Amino acid sequence: MNRFTITADSVDLAQLRGDLMHSGSGGFCSFEGWVRNNNEGREVSGLEYEAYTELALAEGERIVAEAMERYGVLAAHCLHRVGDLKIGDVAVWIGASAAHRDEAFRACRYIIDEIKHRLPIWKKEHYLEGDTAWVACSHTERAHEMEPPHRHHHAAQVSAHEYEHGHDHSAPPVFAPDYSRQTRLRDVGDVGQAKLAAARVLVIGAGGLGCPVLSYLAGSGVGTLGIVDGDVLDASNLHRQVMFDARDVGQRKVDLAARRIAALNPTITVETHAEPLHAGNIVDVFAHYDLVVECTDDLASRYLANDAAVLTGTPLILASVYQYEGQLQVVSAIPGEPCLRCLWPVQPAPGLAGSCVESGVLGPVPGVLGTMQAMEALKLLLDLPRADDHALQLINLLDGSSQRLPIDAAAGCALHGGCVEVARQALESAFGDQDVERRFDRLCDAMAAGYTIIDVRDAEEVASRPLSVDSRNVPTAVLADAELGVAGERVLLVCVSGKRSNHAARLLRKRGVDAYSLAGGLSALVTAAET
(Lines give C-alpha, C1' and ligand atoms only; values in the text may rest on other atoms or scores of the structure.)
Protein backbone atom coordinates (compact mmCIF):
# COMPACT_ATOMS: atom_id res chain seq x y z
CA MET A 1 0.00 0.00 0.00
CA ASN A 2 1.25 3.47 -0.86
CA ARG A 3 1.95 5.71 2.11
CA PHE A 4 0.92 8.90 0.33
CA THR A 5 -2.11 9.36 -1.91
CA ILE A 6 -3.45 12.17 -4.08
CA THR A 7 -7.06 11.82 -5.15
CA ALA A 8 -9.93 13.86 -6.54
CA ASP A 9 -12.45 11.40 -5.11
CA SER A 10 -14.33 11.63 -1.83
CA VAL A 11 -12.66 10.15 1.26
CA ASP A 12 -13.72 7.00 3.12
CA LEU A 13 -12.39 7.82 6.57
CA ALA A 14 -13.37 4.46 8.05
CA GLN A 15 -11.45 2.62 5.33
CA LEU A 16 -8.36 4.82 5.81
CA ARG A 17 -8.41 4.22 9.54
CA GLY A 18 -8.97 0.50 9.11
CA ASP A 19 -6.00 0.16 6.76
CA LEU A 20 -3.71 1.35 9.55
CA MET A 21 -4.84 -1.22 12.10
CA HIS A 22 -1.85 -3.16 13.39
CA SER A 23 -1.77 -5.83 16.07
CA GLY A 24 1.24 -4.18 17.71
CA SER A 25 -0.39 -0.76 17.95
CA GLY A 26 -1.33 0.69 21.31
CA GLY A 27 -1.87 4.20 20.04
CA PHE A 28 -3.48 5.77 16.97
CA CYS A 29 -3.56 9.42 15.93
CA SER A 30 -5.22 11.04 12.95
CA PHE A 31 -5.52 14.55 11.57
CA GLU A 32 -8.29 15.90 9.34
CA GLY A 33 -7.99 19.18 7.50
CA TRP A 34 -11.43 20.53 6.49
CA VAL A 35 -12.46 23.23 4.07
CA ARG A 36 -13.78 26.15 6.11
CA ASN A 37 -16.08 28.95 5.05
CA ASN A 38 -13.71 31.86 5.66
CA ASN A 39 -10.09 32.89 5.48
CA GLU A 40 -8.60 36.11 6.83
CA GLY A 41 -11.99 37.86 6.92
CA ARG A 42 -13.15 36.78 3.46
CA GLU A 43 -16.09 34.39 3.04
CA VAL A 44 -15.09 31.30 1.08
CA SER A 45 -17.49 29.25 -1.04
CA GLY A 46 -15.03 26.46 -1.80
CA LEU A 47 -11.47 25.52 -2.62
CA GLU A 48 -9.60 24.18 -5.62
CA TYR A 49 -6.35 22.23 -5.18
CA GLU A 50 -3.85 21.67 -7.98
CA ALA A 51 -0.74 19.50 -7.70
CA TYR A 52 2.40 18.71 -9.59
CA THR A 53 1.44 15.08 -9.14
CA GLU A 54 4.64 13.16 -9.88
CA LEU A 55 6.80 15.26 -7.61
CA ALA A 56 4.16 15.50 -4.88
CA LEU A 57 3.72 11.71 -4.78
CA ALA A 58 7.47 11.10 -4.54
CA GLU A 59 8.00 13.77 -1.89
CA GLY A 60 4.92 12.69 0.05
CA GLU A 61 6.18 9.11 0.20
CA ARG A 62 9.52 10.42 1.50
CA ILE A 63 7.86 12.50 4.20
CA VAL A 64 5.77 9.61 5.54
CA ALA A 65 8.79 7.28 5.43
CA GLU A 66 10.83 9.84 7.37
CA ALA A 67 8.16 10.08 10.05
CA MET A 68 7.93 6.30 10.39
CA GLU A 69 11.69 5.93 10.72
CA ARG A 70 12.14 8.89 13.06
CA TYR A 71 9.37 7.98 15.50
CA GLY A 72 9.26 4.22 15.07
CA VAL A 73 5.60 4.06 14.08
CA LEU A 74 4.19 0.82 12.72
CA ALA A 75 2.01 2.28 9.98
CA ALA A 76 1.23 5.72 8.58
CA HIS A 77 -0.61 7.23 5.66
CA CYS A 78 -1.32 10.68 4.25
CA LEU A 79 -4.04 11.53 1.73
CA HIS A 80 -4.35 14.90 -0.01
CA ARG A 81 -7.38 15.89 -2.10
CA VAL A 82 -7.15 17.77 -5.40
CA GLY A 83 -9.81 19.33 -7.58
CA ASP A 84 -12.89 21.23 -6.39
CA LEU A 85 -13.84 20.89 -2.71
CA LYS A 86 -16.92 22.15 -0.89
CA ILE A 87 -17.22 23.63 2.59
CA GLY A 88 -16.81 20.85 5.15
CA ASP A 89 -15.00 18.47 2.79
CA VAL A 90 -11.85 16.77 4.07
CA ALA A 91 -8.87 18.19 2.17
CA VAL A 92 -6.09 16.38 4.04
CA TRP A 93 -6.13 13.21 6.14
CA ILE A 94 -3.15 11.84 8.07
CA GLY A 95 -3.06 8.77 10.29
CA ALA A 96 -0.34 7.02 12.28
CA SER A 97 -0.41 3.93 14.50
CA ALA A 98 2.37 3.06 16.91
CA ALA A 99 3.11 1.00 19.99
CA HIS A 100 2.54 4.08 22.14
CA ARG A 101 0.43 7.19 21.66
CA ASP A 102 3.32 9.65 21.90
CA GLU A 103 5.06 8.22 18.84
CA ALA A 104 1.79 8.34 16.90
CA PHE A 105 1.18 11.98 17.92
CA ARG A 106 4.71 13.03 16.97
CA ALA A 107 4.67 11.24 13.62
CA CYS A 108 1.31 12.75 12.72
CA ARG A 109 2.51 16.26 13.61
CA TYR A 110 5.74 15.78 11.64
CA ILE A 111 3.84 14.77 8.52
CA ILE A 112 1.45 17.73 8.86
CA ASP A 113 4.30 20.23 9.14
CA GLU A 114 6.39 18.73 6.35
CA ILE A 115 3.65 18.46 3.73
CA LYS A 116 2.78 22.11 4.34
CA HIS A 117 6.33 23.19 3.52
CA ARG A 118 7.49 20.62 1.00
CA LEU A 119 4.65 19.46 -1.24
CA PRO A 120 4.11 21.19 -4.61
CA ILE A 121 0.36 21.55 -4.09
CA TRP A 122 -1.38 24.87 -4.66
CA LYS A 123 -4.70 26.12 -3.30
CA LYS A 124 -7.14 28.46 -4.99
CA GLU A 125 -9.88 30.00 -2.87
CA HIS A 126 -13.30 30.76 -4.34
CA TYR A 127 -15.03 33.67 -2.60
CA LEU A 128 -18.73 34.36 -2.18
CA GLU A 129 -18.39 37.71 -3.97
CA GLY A 130 -17.38 35.78 -7.08
CA ASP A 131 -13.61 36.23 -7.44
CA THR A 132 -10.82 33.74 -6.76
CA ALA A 133 -7.18 33.81 -5.66
CA TRP A 134 -4.27 31.44 -5.31
CA VAL A 135 -3.18 31.58 -1.69
CA ALA A 136 -0.13 30.49 0.31
CA CYS A 137 -0.21 26.74 0.57
CA SER A 138 2.90 24.62 0.45
CA HIS A 139 6.17 26.47 0.08
CA THR A 140 5.72 30.13 0.87
CA GLU A 141 3.53 32.71 2.48
CA ARG A 142 4.24 35.30 -0.18
CA ALA A 143 1.69 36.14 -2.83
CA HIS A 144 3.88 34.66 -5.55
CA GLU A 145 3.78 30.89 -5.11
CA MET A 146 7.00 29.08 -5.89
CA GLU A 147 7.79 26.59 -8.60
CA PRO A 148 8.59 23.16 -7.13
CA PRO A 149 12.24 22.08 -7.43
CA HIS A 150 13.16 20.15 -10.60
CA ARG A 151 10.11 21.38 -12.55
CA HIS A 152 11.35 23.32 -15.56
CA HIS A 153 9.22 26.13 -16.98
CA HIS A 154 9.73 29.77 -17.84
CA ALA A 155 8.51 32.17 -15.19
CA ALA A 156 4.95 33.29 -15.53
CA GLN A 157 4.64 37.06 -15.82
CA VAL A 158 1.90 37.80 -13.31
CA SER A 159 1.70 41.18 -11.61
CA ALA A 160 1.27 41.75 -7.89
CA HIS A 161 -1.76 43.90 -8.73
CA GLU A 162 -3.50 40.91 -10.29
CA TYR A 163 -2.89 38.86 -7.17
CA GLU A 164 -4.13 41.51 -4.80
CA HIS A 165 -7.39 41.74 -6.68
CA GLY A 166 -7.90 38.00 -6.92
CA HIS A 167 -7.94 37.61 -10.70
CA ASP A 168 -8.29 34.01 -11.85
CA HIS A 169 -5.42 32.22 -13.59
CA SER A 170 -5.42 28.83 -15.23
CA ALA A 171 -2.34 27.60 -13.33
CA PRO A 172 -0.35 28.65 -10.26
CA PRO A 173 2.38 31.20 -11.08
CA VAL A 174 5.92 29.90 -11.35
CA PHE A 175 8.88 31.21 -9.39
CA ALA A 176 12.16 31.96 -11.15
CA PRO A 177 15.08 33.55 -9.26
CA ASP A 178 16.13 37.03 -10.27
CA TYR A 179 19.90 37.54 -10.03
CA SER A 180 19.91 40.80 -11.99
CA ARG A 181 21.42 42.86 -9.17
CA GLN A 182 24.54 40.70 -8.97
CA THR A 183 24.88 39.89 -12.67
CA ARG A 184 25.14 43.63 -13.31
CA LEU A 185 28.53 43.47 -11.65
CA ARG A 186 31.20 43.37 -14.32
CA ASP A 187 33.05 40.56 -12.55
CA VAL A 188 29.92 38.40 -12.31
CA GLY A 189 27.64 38.70 -15.33
CA ASP A 190 25.94 35.71 -16.90
CA VAL A 191 29.19 33.77 -17.04
CA GLY A 192 29.74 34.16 -13.30
CA GLN A 193 26.14 33.25 -12.56
CA ALA A 194 26.60 30.07 -14.57
CA LYS A 195 29.66 29.27 -12.46
CA LEU A 196 27.60 29.62 -9.30
CA ALA A 197 24.82 27.44 -10.70
CA ALA A 198 27.35 24.68 -11.43
CA ALA A 199 29.10 24.96 -8.06
CA ARG A 200 28.84 22.45 -5.22
CA VAL A 201 29.52 23.84 -1.72
CA LEU A 202 29.52 21.94 1.57
CA VAL A 203 28.64 23.86 4.74
CA ILE A 204 29.58 22.14 8.00
CA GLY A 205 27.32 23.45 10.74
CA ALA A 206 23.94 25.21 10.44
CA GLY A 207 24.40 27.40 13.52
CA GLY A 208 25.38 31.01 14.08
CA LEU A 209 28.02 30.98 11.34
CA GLY A 210 26.24 28.54 9.04
CA CYS A 211 22.92 30.40 8.89
CA PRO A 212 24.24 33.48 7.05
CA VAL A 213 26.54 31.32 4.91
CA LEU A 214 23.68 29.11 3.76
CA SER A 215 21.30 32.03 3.28
CA TYR A 216 23.67 34.09 1.15
CA LEU A 217 24.96 31.17 -0.93
CA ALA A 218 21.41 30.00 -1.62
CA GLY A 219 20.31 33.52 -2.42
CA SER A 220 23.22 34.02 -4.80
CA GLY A 221 22.33 30.88 -6.76
CA VAL A 222 24.98 28.34 -5.76
CA GLY A 223 23.58 25.25 -7.49
CA THR A 224 24.17 22.57 -4.86
CA LEU A 225 24.51 23.09 -1.13
CA GLY A 226 25.50 20.29 1.24
CA ILE A 227 24.66 20.75 4.92
CA VAL A 228 26.27 18.84 7.79
CA ASP A 229 24.66 19.16 11.22
CA GLY A 230 23.67 16.57 13.79
CA ASP A 231 22.06 18.92 16.32
CA VAL A 232 18.46 19.84 17.05
CA LEU A 233 17.43 23.46 17.47
CA ASP A 234 17.42 24.77 21.03
CA ALA A 235 15.64 27.92 22.15
CA SER A 236 19.02 29.38 23.19
CA ASN A 237 20.12 29.24 19.52
CA LEU A 238 17.50 31.62 18.19
CA HIS A 239 19.17 34.93 19.11
CA ARG A 240 21.94 34.25 16.60
CA GLN A 241 20.60 31.51 14.27
CA VAL A 242 18.04 33.70 12.57
CA MET A 243 17.31 31.24 9.77
CA PHE A 244 14.98 29.50 12.24
CA ASP A 245 12.07 30.56 14.45
CA ALA A 246 10.41 29.57 17.71
CA ARG A 247 8.16 26.99 16.04
CA ASP A 248 11.24 25.02 15.00
CA VAL A 249 12.63 24.29 18.49
CA GLY A 250 13.30 20.60 18.97
CA GLN A 251 13.64 19.78 15.26
CA ARG A 252 16.83 18.82 13.43
CA LYS A 253 18.71 21.84 12.13
CA VAL A 254 19.74 20.07 8.95
CA ASP A 255 16.08 19.56 8.02
CA LEU A 256 15.10 23.08 9.03
CA ALA A 257 17.93 24.59 7.01
CA ALA A 258 17.05 22.51 3.95
CA ARG A 259 13.43 23.64 4.24
CA ARG A 260 14.43 27.29 4.58
CA ILE A 261 16.69 27.09 1.51
CA ALA A 262 13.84 25.55 -0.49
CA ALA A 263 11.66 28.48 0.53
CA LEU A 264 14.35 31.05 -0.30
CA ASN A 265 15.42 29.61 -3.63
CA PRO A 266 13.61 26.47 -4.85
CA THR A 267 16.07 26.02 -7.72
CA ILE A 268 18.84 25.00 -5.31
CA THR A 269 19.64 21.31 -4.77
CA VAL A 270 20.22 20.53 -1.09
CA GLU A 271 22.13 17.49 0.18
CA THR A 272 21.90 16.83 3.91
CA HIS A 273 24.22 14.96 6.28
CA ALA A 274 22.53 14.49 9.66
CA GLU A 275 25.55 12.80 11.27
CA PRO A 276 28.87 14.59 11.95
CA LEU A 277 31.67 13.81 9.54
CA HIS A 278 34.48 11.66 10.89
CA ALA A 279 37.93 10.45 9.87
CA GLY A 280 36.44 7.44 8.13
CA ASN A 281 34.22 9.34 5.66
CA ILE A 282 35.28 12.99 5.50
CA VAL A 283 37.73 12.60 2.61
CA ASP A 284 35.12 10.85 0.49
CA VAL A 285 32.53 13.54 1.28
CA PHE A 286 34.90 16.43 0.54
CA ALA A 287 35.78 14.90 -2.82
CA HIS A 288 32.20 15.54 -4.01
CA TYR A 289 32.35 19.32 -3.44
CA ASP A 290 34.19 22.26 -5.01
CA LEU A 291 34.44 24.23 -1.77
CA VAL A 292 33.87 23.67 1.95
CA VAL A 293 32.85 26.24 4.57
CA GLU A 294 33.46 25.13 8.17
CA CYS A 295 30.96 26.79 10.50
CA THR A 296 31.10 24.89 13.81
CA ASP A 297 32.42 26.03 17.18
CA ASP A 298 34.29 22.74 17.47
CA LEU A 299 38.10 22.67 17.30
CA ALA A 300 38.18 18.99 16.41
CA SER A 301 35.86 19.59 13.44
CA ARG A 302 38.02 22.46 12.17
CA TYR A 303 41.21 20.39 12.29
CA LEU A 304 39.50 17.41 10.71
CA ALA A 305 38.15 19.63 7.92
CA ASN A 306 41.57 21.18 7.40
CA ASP A 307 43.22 17.78 6.97
CA ALA A 308 40.53 16.55 4.57
CA ALA A 309 40.75 19.77 2.54
CA VAL A 310 44.52 19.44 2.17
CA LEU A 311 44.31 15.79 1.15
CA THR A 312 41.55 16.36 -1.42
CA GLY A 313 42.73 19.75 -2.69
CA THR A 314 39.38 21.31 -1.72
CA PRO A 315 39.46 24.99 -0.69
CA LEU A 316 38.26 25.52 2.88
CA ILE A 317 36.98 28.63 4.64
CA LEU A 318 37.33 28.59 8.42
CA ALA A 319 35.89 30.95 11.01
CA SER A 320 35.59 30.97 14.77
CA VAL A 321 34.01 33.27 17.33
CA TYR A 322 34.91 34.13 20.91
CA GLN A 323 32.57 36.56 22.67
CA TYR A 324 33.03 39.84 20.72
CA GLU A 325 35.85 38.70 18.44
CA GLY A 326 36.27 36.46 15.44
CA GLN A 327 38.89 34.83 13.27
CA LEU A 328 38.76 34.05 9.55
CA GLN A 329 41.15 31.94 7.46
CA VAL A 330 41.00 30.69 3.88
CA VAL A 331 42.87 27.44 3.27
CA SER A 332 43.43 27.31 -0.49
CA ALA A 333 44.58 23.65 -0.38
CA ILE A 334 47.13 24.54 -3.07
CA PRO A 335 50.54 22.85 -2.56
CA GLY A 336 52.98 25.22 -0.91
CA GLU A 337 50.30 27.50 0.53
CA PRO A 338 49.62 27.35 4.30
CA CYS A 339 46.92 25.42 6.11
CA LEU A 340 45.50 25.61 9.64
CA ARG A 341 48.27 23.40 11.03
CA CYS A 342 50.95 25.71 9.62
CA LEU A 343 49.80 28.26 12.21
CA TRP A 344 48.80 25.90 15.02
CA PRO A 345 50.38 22.48 14.40
CA VAL A 346 48.70 20.75 17.35
CA GLN A 347 45.00 20.94 18.10
CA PRO A 348 44.50 22.74 21.45
CA ALA A 349 42.60 21.01 24.21
CA PRO A 350 38.85 21.82 23.98
CA GLY A 351 38.82 23.65 27.32
CA LEU A 352 41.35 26.20 26.06
CA ALA A 353 38.92 27.69 23.54
CA GLY A 354 35.47 28.36 24.94
CA SER A 355 32.41 27.68 22.83
CA CYS A 356 29.37 29.95 22.60
CA VAL A 357 27.70 27.74 25.21
CA GLU A 358 30.53 28.21 27.68
CA SER A 359 31.69 31.77 26.93
CA GLY A 360 28.57 33.50 25.67
CA VAL A 361 28.11 35.42 22.43
CA LEU A 362 26.12 38.33 21.01
CA GLY A 363 24.06 37.27 18.01
CA PRO A 364 25.56 39.64 15.41
CA VAL A 365 29.12 38.41 16.04
CA PRO A 366 28.77 35.01 14.34
CA GLY A 367 26.44 36.74 11.87
CA VAL A 368 29.25 39.06 10.77
CA LEU A 369 31.83 36.28 10.58
CA GLY A 370 29.46 33.98 8.71
CA THR A 371 28.71 36.75 6.22
CA MET A 372 32.44 37.21 5.69
CA GLN A 373 32.76 33.46 5.07
CA ALA A 374 30.00 33.65 2.46
CA MET A 375 31.82 36.54 0.79
CA GLU A 376 35.09 34.58 0.68
CA ALA A 377 33.23 31.61 -0.79
CA LEU A 378 31.73 33.73 -3.57
CA LYS A 379 35.12 35.32 -4.29
CA LEU A 380 36.61 31.87 -4.78
CA LEU A 381 33.75 30.56 -6.89
CA LEU A 382 33.68 33.66 -9.09
CA ASP A 383 37.46 34.16 -9.26
CA LEU A 384 37.11 37.64 -7.78
CA PRO A 385 40.20 39.51 -6.53
CA ARG A 386 41.44 38.39 -3.11
CA ALA A 387 44.22 39.41 -0.76
CA ASP A 388 47.62 38.24 -1.98
CA ASP A 389 48.95 37.35 1.45
CA HIS A 390 48.08 34.17 3.35
CA ALA A 391 46.95 35.40 6.73
CA LEU A 392 44.61 34.84 9.63
CA GLN A 393 42.20 37.76 9.81
CA LEU A 394 41.32 38.95 13.33
CA ILE A 395 38.15 41.00 13.81
CA ASN A 396 37.18 42.85 16.99
CA LEU A 397 33.56 43.93 16.84
CA LEU A 398 33.73 46.10 19.95
CA ASP A 399 36.24 48.62 18.60
CA GLY A 400 35.72 47.75 14.93
CA SER A 401 39.37 46.90 14.36
CA SER A 402 40.72 44.28 11.99
CA GLN A 403 44.23 42.95 11.51
CA ARG A 404 45.93 40.22 9.52
CA LEU A 405 48.32 37.72 11.09
CA PRO A 406 50.70 36.40 8.41
CA ILE A 407 51.11 32.62 8.14
CA ASP A 408 54.48 31.34 6.97
CA ALA A 409 54.07 27.93 5.34
CA ALA A 410 57.83 27.34 5.50
CA ALA A 411 57.76 27.59 9.29
CA GLY A 412 54.78 25.28 9.76
CA CYS A 413 53.94 21.93 8.20
CA ALA A 414 56.96 22.19 5.88
CA LEU A 415 59.17 21.30 8.85
CA HIS A 416 57.34 17.98 9.20
CA GLY A 417 57.04 16.79 5.61
CA GLY A 418 54.55 19.33 4.29
CA CYS A 419 50.82 19.95 4.75
CA VAL A 420 49.77 16.81 2.89
CA GLU A 421 51.95 14.49 4.95
CA VAL A 422 50.95 16.11 8.24
CA ALA A 423 47.27 15.90 7.28
CA ARG A 424 47.61 12.26 6.26
CA GLN A 425 49.22 11.30 9.58
CA ALA A 426 46.60 13.25 11.54
CA LEU A 427 43.70 11.57 9.76
CA GLU A 428 45.23 8.13 10.22
CA SER A 429 45.58 8.82 13.94
CA ALA A 430 42.00 10.12 14.17
CA PHE A 431 40.72 7.06 12.30
CA GLY A 432 42.36 4.81 14.88
CA ASP A 433 40.60 6.72 17.69
CA GLN A 434 37.07 6.49 16.24
CA ASP A 435 35.99 3.97 18.86
CA VAL A 436 36.60 6.44 21.66
CA GLU A 437 32.91 7.41 21.93
CA ARG A 438 30.12 5.46 23.56
CA ARG A 439 26.48 6.46 23.20
CA PHE A 440 24.03 6.04 26.08
CA ASP A 441 20.55 7.49 26.61
CA ARG A 442 21.02 7.46 30.41
CA LEU A 443 24.06 7.38 32.66
CA CYS A 444 22.54 4.56 34.66
CA ASP A 445 22.68 2.48 31.47
CA ALA A 446 26.42 3.16 31.25
CA MET A 447 26.89 2.07 34.84
CA ALA A 448 24.86 -1.08 34.21
CA ALA A 449 27.20 -1.80 31.29
CA GLY A 450 30.15 -1.72 33.67
CA TYR A 451 31.56 1.77 33.13
CA THR A 452 33.05 3.93 35.90
CA ILE A 453 31.81 7.51 35.46
CA ILE A 454 34.31 10.37 35.64
CA ASP A 455 32.94 13.90 35.30
CA VAL A 456 35.57 16.16 33.68
CA ARG A 457 33.64 19.41 34.10
CA ASP A 458 34.84 22.23 36.32
CA ALA A 459 33.60 22.41 39.92
CA GLU A 460 31.24 25.31 39.13
CA GLU A 461 29.58 23.35 36.35
CA VAL A 462 29.15 20.31 38.57
CA ALA A 463 27.62 22.41 41.33
CA SER A 464 25.03 23.92 38.97
CA ARG A 465 24.15 20.58 37.39
CA PRO A 466 25.30 17.62 39.51
CA LEU A 467 25.09 14.06 38.27
CA SER A 468 22.52 11.78 39.85
CA VAL A 469 24.72 8.68 39.62
CA ASP A 470 27.89 7.70 41.43
CA SER A 471 30.82 9.45 39.80
CA ARG A 472 34.13 11.16 40.39
CA ASN A 473 34.86 14.74 39.44
CA VAL A 474 38.31 15.22 37.88
CA PRO A 475 38.39 18.46 35.79
CA THR A 476 40.24 18.32 32.49
CA ALA A 477 42.78 20.87 33.77
CA VAL A 478 44.19 18.31 36.23
CA LEU A 479 43.17 15.07 34.56
CA ALA A 480 46.47 14.45 32.75
CA ASP A 481 48.43 14.28 36.03
CA ALA A 482 45.72 12.96 38.36
CA GLU A 483 46.00 9.56 40.00
CA LEU A 484 42.71 7.98 39.01
CA GLY A 485 43.04 4.55 40.57
CA VAL A 486 41.00 2.89 37.82
CA ALA A 487 43.37 0.16 36.73
CA GLY A 488 41.46 -2.63 35.03
CA GLU A 489 38.23 -0.59 34.85
CA ARG A 490 36.38 0.78 31.86
CA VAL A 491 36.03 4.52 32.32
CA LEU A 492 33.36 6.75 30.75
CA LEU A 493 34.25 10.46 30.76
CA VAL A 494 31.44 13.01 30.62
CA CYS A 495 31.17 16.76 30.03
CA VAL A 496 28.47 19.05 28.65
CA SER A 497 28.92 18.47 24.91
CA GLY A 498 31.35 15.55 24.67
CA LYS A 499 34.21 17.63 23.29
CA ARG A 500 36.34 17.88 26.43
CA SER A 501 35.61 14.29 27.41
CA ASN A 502 36.60 13.07 23.94
CA HIS A 503 39.95 14.85 24.13
CA ALA A 504 40.51 13.64 27.70
CA ALA A 505 39.73 10.03 26.76
CA ARG A 506 42.41 10.09 24.08
CA LEU A 507 44.93 11.44 26.58
CA LEU A 508 44.09 8.75 29.13
CA ARG A 509 44.39 6.03 26.53
CA LYS A 510 48.01 7.05 26.04
CA ARG A 511 48.45 6.31 29.75
CA GLY A 512 46.97 2.86 29.28
CA VAL A 513 43.52 3.67 30.70
CA ASP A 514 40.56 1.95 29.04
CA ALA A 515 38.82 5.29 28.57
CA TYR A 516 35.78 6.34 26.54
CA SER A 517 33.79 9.53 26.04
CA LEU A 518 30.01 9.97 26.34
CA ALA A 519 28.95 10.83 22.77
CA GLY A 520 27.24 14.22 22.68
CA GLY A 521 27.88 14.76 26.38
CA LEU A 522 25.21 15.40 28.96
CA SER A 523 23.23 17.39 26.39
CA ALA A 524 22.58 14.17 24.44
CA LEU A 525 20.99 12.27 27.32
CA VAL A 526 17.31 11.46 26.95
CA THR A 527 16.15 13.62 29.87
CA ALA A 528 17.78 16.26 32.01
CA ALA A 529 16.74 14.23 35.06
CA GLU A 530 19.31 11.60 34.09
CA THR A 531 22.15 13.96 34.95
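Tutor: Let's start with a definition: two strands pair if DSSP finds at least two bridges between them. Keep in mind that what we're looking at is a predicted model.

Student: Okay, so how do I read a sheet from that? Which strands form the open sheet, and in what order?

Tutor: The general idea is that strands of a sheet pair through backbone hydrogen bonds, either parallel or antiparallel. Here, eight strands line up as β12-β11-β10-β13-β14-β15-β16-β17, and the pairing is mixed. Going from one strand to the next, the twist averages 15 degrees.

Student: What packs on the sheet?

Tutor: Helix α10, residues 299–312, does. That helix touches β10 (200–204), β13 (291–294), β14 and β15, and its direction makes about 165 degrees with that of β14.

Student: Can we zoom in on one pair? How many bridges join β15 to β16?

Tutor: Four, and the two strands run antiparallel; β16 covers residues 391–396. As an example, E325 has N396 of β16 as its bridge partner.

Student: What about Y324: where is that residue placed?

Tutor: Y324 sits in the loop between β14 (316–322) and β15 (325–331). Its relative accessible area is 36%, so Y324 counts as partly exposed. Together with L362 and L398, Y324 forms a nonpolar patch on the surface, and the three have about 320 Å² of accessible area together.

Student: And D455, is that residue buried or exposed?

Tutor: Use the cut-off: buried means under 20% relative accessible area. D455 comes in at 2%, so D455 is buried. As for its place, D455 belongs to strand β19, residues 451–455.

Student: Which residues does D455 touch, leaving out those up to four places away in sequence?

Tutor: V462, L467, R472, N473, V474, P475 and V494.

Student: Now zoom out. How many helices and strands are there in the protein chain?

Tutor: The chain has 18 helices and 22 strands. Of its 531 residues, 47% are buried. The accessible surface comes to about 25800 Å², with 52% of that belonging to carbon and sulfur atoms.

Student: Last one: among contacts between residues at least 6 apart in sequence, what share joins residues at least 24 apart?

Tutor: That share is 68% for this protein chain.

Terms used:
Residues are numbered from 1 along each chain as its sequence is written. This is a predicted model: local features need pLDDT of at least 70, side-chain atom pairs count only at pLDDT 80 or more; totals for chains, interfaces and linings use all residues. Side-chain values use heavy atoms; hydrogens and water are left out. Buried means under 20% relative accessible area, exposed over 50%, partly exposed in between (1.4 Å probe, protein chains only). Contact means heavy atoms within 4.5 Å. Accessible areas come from the Shrake-Rupley method with a 1.4 Å probe; for residues, only the protein chains shown count as cover. Patches are made of residues with over 30% relative accessible area and no salt bridge: like charges are joined within 9 Å, nonpolar side chains (Val, Leu, Ile, Met, Phe, Trp, Tyr) within 5 Å. A salt bridge is a side-chain nitrogen of Lys or Arg within 4 Å of a carboxyl oxygen of Asp or Glu. Axes are lines fitted to C-alpha atoms, for helices over the stretch in contact, and angles run from 0 to 180 degrees between N-to-C directions.
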